[in-house]
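Trainee: I would like to learn how to read the features of a structure that is new to me. Could we go through it together, one feature at a time?

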Amino acid sequence: MPERIGNVTRERYEQIVAEARELVAQIARAQFALGDKALEIEPMRPVGGWMPNDTSTHSWTKGHR
């Protein structure tokens, strides 16, 4: 009888784990891609850079009032 892990064979377990790892990798790639898109729209300011209190100078507020 084949070795089982939980309710599946070792072979099926290893297949499930490999598929799950690929899904996690896809999520990570998607998160970085979304971050890149957001930075293209609104780049980060330099560390310690001055930021006005008036948000009307931010590009994301222009035309959305």
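Predicted model: local features only at pLDDT ≥ 70, side-chain atom pairs only at ≥ 80, totals over all residues.

Trainee: Which elements does the protein chain hold, and how do they run from the N terminus on?

Mentor: The protein chain has one helix and two strands, and read from the N terminus on, these elements follow the order β-β-α.

Trainee: How should I read the surface, and what percentage of the residues in the protein chain is buried?

Mentor: A residue counts as buried when its relative accessible area is under 20%. Of the 65 residues in the protein chain, buried ones make up 5%, while the accessible surface comes to about 6100 Å², with 60% of that area belonging to carbon and sulfur atoms.

Trainee: Now to the charged side chains: how many salt bridges are there?

Mentor: The general idea is that a side-chain nitrogen of Lys or Arg must lie within 4 Å of a carboxyl oxygen of Asp or Glu, and by this rule the count is three salt bridges.

Trainee: Which residues are linked in a network of salt bridges?

Mentor: That network links Glu3, Arg10 and Glu14. In one of its contacts, the side chain of Glu3 meets that of Arg10 at 3.1 Å, N to O, and in another, Arg10 meets Glu14 at 3.7 Å, N to O.

Trainee: Which residue forms a salt bridge with Arg29?

Mentor: Glu22 does, and the closest N and O atoms of this pair are 2.9 Å apart. Glu22 is partly exposed, its relative accessible area being 37%, and Arg29 is also partly exposed, with a value of 47%.

Note on methods
Residues numbered from 1 in each chain as written. Heavy atoms only, no water. Buried < 20%, exposed > 50% of the residue type's maximum accessible area, 1.4 Å probe, protein only. Helix = DSSP H or I, 4+ residues; strand = E, 2+ residues; numbered from the N terminus. Areas by Shrake-Rupley, 256 points an atom, 1.4 Å probe, with all protein chains shown as cover.
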